Amino acid sequence: MKEIVFQYQMLENASSLSTEDAHLLLMAREATSKAYAPYSQFQVGAVAMLNNGETIEGTNQENASYPVGICAERVLLSAVSSLYSGVAIKTIAISCHNLKGESKNPVSPCGLCRQSLLEQTLRQAQPIKLILSGMEGAIYVLEDAASLLPLSFTANDMK
Ligand code: THU
């Protein structure tokens with residue numbers, strides 16, 4: 001039998017985050033207001049801290065034709081790749097604001113976004129730290145976004 005172990009930190013609030021990470025989470029919470037989410041009313045904000053110190057934001061962008069909508073994480077990854085080609089992402093903070101309910105629980109990237117985060121991780125050969133939280137409450141910290149997608153499909157599988 002094989003086993004895959006997955007570890008993450010759960011913090012009660014932002015006080016034990018570094019100043020940089022706490023600021024990134026604050027930015028992600030604020031970015032939720034820039035989401036275009038008229039259909040789900042679920043606003044997601046994702047903010048990346050790059051190796052060069054720049055921060056980039058992404059929010060979910062929905063469409064009347066629902067499958068056309070894009071998650072905040074993939075909007076963010078596309079923006080980073082386009083605006084700062086070749087610059088690695090150090091950390092991404094993600095937050096959500098549910099206009100129809102509670103926003104106290106950490107939001108976790110969907111399957112498509114996990115695959116995109118993995119591609120970026122392999123491309124930059126540097127792990128991406130994830131900080132996941134709602135507008136308040138618990139914070140999850142994952143040292144490597146790739147850990148969210150074990151037994152994954154990558155370019156190696158096509159060799
Ligand atoms: N969404 C994100 O942007 N990121 C996530 O991690 C989860 C889901 C968006 C997609 C859609 O616009 C809305 O949230 C509801 O699923």
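Predicted model: local features only at pLDDT ≥ 70, side-chain atom pairs only at ≥ 80, totals over all residues.
Select residues 42–50, strand β2, together with residues 55–59, strand β3. The two strands run antiparallel and are joined by five bridges. Next, display methionine 49, which stands opposite threonine 55 of β3. Four residues lie between β2 and β3 in this hairpin. Within the turn, select glycine 53, whose phi is positive, at about 90 degrees.

**The helix.** Move to residues 72–83, which form helix α2. From its first C-alpha to its last, this 12-residue helix reaches 16 Å, close to the 16 Å expected at 1.5 Å a residue. Colour its buried residues: Ala72, Glu73, Leu76, Leu77, Ala79 and Val80. Turn the view to look down the axis of α2; the buried residues fall within an arc of 160 degrees, and therefore line one face of the helix.

**The cysteines.** Finally, display the cysteine sulfur atoms; the structure holds zero disulfides. Cysteine 96 has as its nearest cysteine sulfur that of cysteine 71, 12 Å away, and is in no disulfide. With a relative accessible area of 5%, cysteine 96 is buried. Select cysteine 110 next: the nearest cysteine sulfur belongs to cysteine 113 and is 3.7 Å away. Cysteine 110 is likewise in no disulfide, because a disulfide requires the sulfur atoms to be within 2.5 Å.

Terms used. Residues numbered from 1 in each chain as written. Heavy atoms only, no water. Pairing = 2+ DSSP bridges. Buried < 20%, exposed > 50% of the residue type's maximum accessible area, 1.4 Å probe, protein only. Expected span 1.5 Å × (residues − 1). Arc of directions from axis to C-beta.
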